Amino acid sequence: MPGKNAATGGRDARSLSVRTLDVLGAFGAARPRLTLSELSRASGLSLTTTHRIVTDLVEWGALEEADGGYQVGLRLWEAACAAPRGLALRETALPAMEDLYEATHENAQLAVREGLEVVYVERITGRGAVRVLTKVGGRFALPATGVGLVLLAHAPREVHERVLAEPLRRWTPYTVTDPAVLRKMLAEVRCAGTALSDRQVTEDAFSVACPVRGVGGEVVAALSVVVRSDGPLTPKALAPAVQGASRSISRALGWEPARPAGGRRLLGAS
């Protein structure tokens, strides 16, 4: 079990806070409801310790009892909504995302980077939109998606090296798995200000993504639209709409395009 070693005589060396977080971390999109035994196995804790932690979490409202098991409670959701990269970013971005959706009637997605993964904070979709594997609150590997390419391109160098050093998962025959090719793609994304992920996650869709910038010009999120690969919309036709929407969100967050010495805004800043 995790957290046990000879130095502690086989006892769990993790702090109570870490063990509590391990219990909460057992839940996910594929495991929204877990029994006490399942939580014990997933967290590596004894049933007695798991029961004690779960009892406290239920009392506080972080977990709720449901159908003989437990699920994440509203109190924890309320706390998560206070994350500035979550609800605040989502609310600021929604008007521009709605405009982007109305222009395409396909998936408009907003994501941030956490470590080596993409976390999706909002998605607008329609009944006839192309199928995607992502969902709000879900995570995905950085290299294959449009938003992931944008976020990775603007991430610190050490993040690049960690991603490029690991085996790159192949989702479709079109997924880029050569580190040298990916490195070149990231340089092109930084230069162009737009990323294209062409059938890299599913064979029937491509995405066009652009960076969303904060007050200081740093990339805080990425916006994309995912459309059918055999549909009438092309990457070239979509790019201006995604660029415009990302700039709109960036300005709402307080970003201003760089100005040359003469005072006029630089064309193409995004």
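## Overall composition

In this report, a strand is a DSSP run of type E with at least two residues, and strands are numbered from the N terminus. Asp 67, for example, lies in the loop between two such strands, β2 (63–66) and β3. The structure described here is a predicted model.

The secondary structure of the chain comes to 9 helices and 9 strands. The chain has 270 residues, of which 44% count as buried. Among contacts with a separation of 6 or more, 51% are between residues 24 or more positions apart.

## Helices α2 and α3

Two packed helices are described by the angle between their axes and by the distance between those axes. For helix α2 (residues 36–43) and helix α3 (residues 47–60), the packing angle is about 110° and the axes are 9 Å apart. Because angles of 65 to 115 degrees count as roughly perpendicular, α2 is described as roughly perpendicular to α3. On the α2 side, the residues that meet α3 are Leu 36, Ser 37, Leu 39, Ser 40 and Ser 43, and their partners in α3 are Leu 47, Thr 50, His 51 and Val 54. By type, the residues of this contact divide into 4 nonpolar, 5 polar and no charged.

Within α2, the residues Leu 39, Ser 40 and Ser 43 are buried. Seen down the helix axis, these buried residues fall within an arc of 100°, so they line one face of α2. The buried residues of α2 pack against α1 (16–24), β1 (33–34), α3 and β3 (69–72). Just after α2, Gly 44 takes a positive phi of about 75°.

## Helices α6 and α8

Helix α6 (residues 146–153) and helix α8 (residues 179–192) have axes 9 Å apart and pack at an angle of about 80°. This angle makes α6 roughly perpendicular to α8. The contact involves Leu 149, Val 150, Leu 152 and Ala 153 of α6, together with Leu 182, Met 185, Leu 186, Val 189 and Arg 190 of α8. The residues of the contact between α6 and α8 comprise 8 nonpolar, no polar and 1 charged.

## The two sides of helix α7

Helix α7 (residues 157–165) contains the buried residues Val 159, His 160, Val 163 and Leu 164. They cover an arc of only 125° around the axis, and therefore they lie on the same side of α7. On the other side of α7, Arg 157, Glu 158 and Ala 165 are exposed. The buried residues of α7 pack against β4 (107–114), α6 and α8.

Ser 224 belongs to strand β9 (residues 219–228). Its relative accessibility is 1%, and because buried means under 20% relative accessible area, Ser 224 counts as buried. Apart from its neighbours within four places in sequence, Ser 224 is in contact with Leu 100, Asn 107, Ala 108, Gln 109, Val 147, Val 208, Ala 209 and Val 242.

## Residues in loops

Asp 67, in the loop between β2 and β3, has a positive phi of about 50° although it is not a glycine. Asp 67 is exposed, with a relative accessible area of 72%. Arg 199 is located in the loop between β7 (195–198) and β8 (205–213). The phi of Arg 199 is near 60°, a positive value in a residue other than glycine. Arg 199 is partly exposed, with a relative accessible area of 24%.

Val 136 is found in the loop between β5 (117–124) and β6 (139–141). With 44% relative accessibility, Val 136 counts as partly exposed. Leaving aside neighbours within four places in sequence, Val 136 is in contact with Tyr 120, Val 121, Glu 122 and Arg 123. The C-alpha atom of Val 136 is separated by 8.9 Å from that of Ala 111, which is 25 residues away along the chain.

## Cysteines

A pair of cysteine sulfur atoms within 2.5 Å would count as a disulfide, and by this rule the count comes to 0 disulfides. Cys 191 is exposed, with a relative accessible area of 71%, whereas Cys 210 counts as buried at 0% relative accessibility.

Definitions and conventions. Residues are numbered from 1 along each chain as its sequence is written. This is a predicted model: local features need pLDDT of at least 70, side-chain atom pairs count only at pLDDT 80 or more; totals for chains, interfaces and linings use all residues. Side-chain values use heavy atoms; hydrogens and water are left out. Helices (H or I, at least four residues) and strands (E, at least two) are DSSP runs, numbered from the N terminus. Buried means under 20% relative accessible area, exposed over 50%, partly exposed in between (1.4 Å probe, protein chains only). Contact means heavy atoms within 4.5 Å. Axes are lines fitted to C-alpha atoms, for helices over the stretch in contact, and angles run from 0 to 180 degrees between N-to-C directions. Angles under 35 degrees count as roughly parallel, over 145 as roughly antiparallel, 65 to 115 as roughly perpendicular and the rest as oblique. Ala, Val, Leu, Ile, Met, Phe, Trp, Tyr, Cys and Pro count as nonpolar, Asp, Glu, Lys and Arg as charged, and the others, Gly among them, as polar. The arc is that of the directions from the helix axis to the C-beta atoms.
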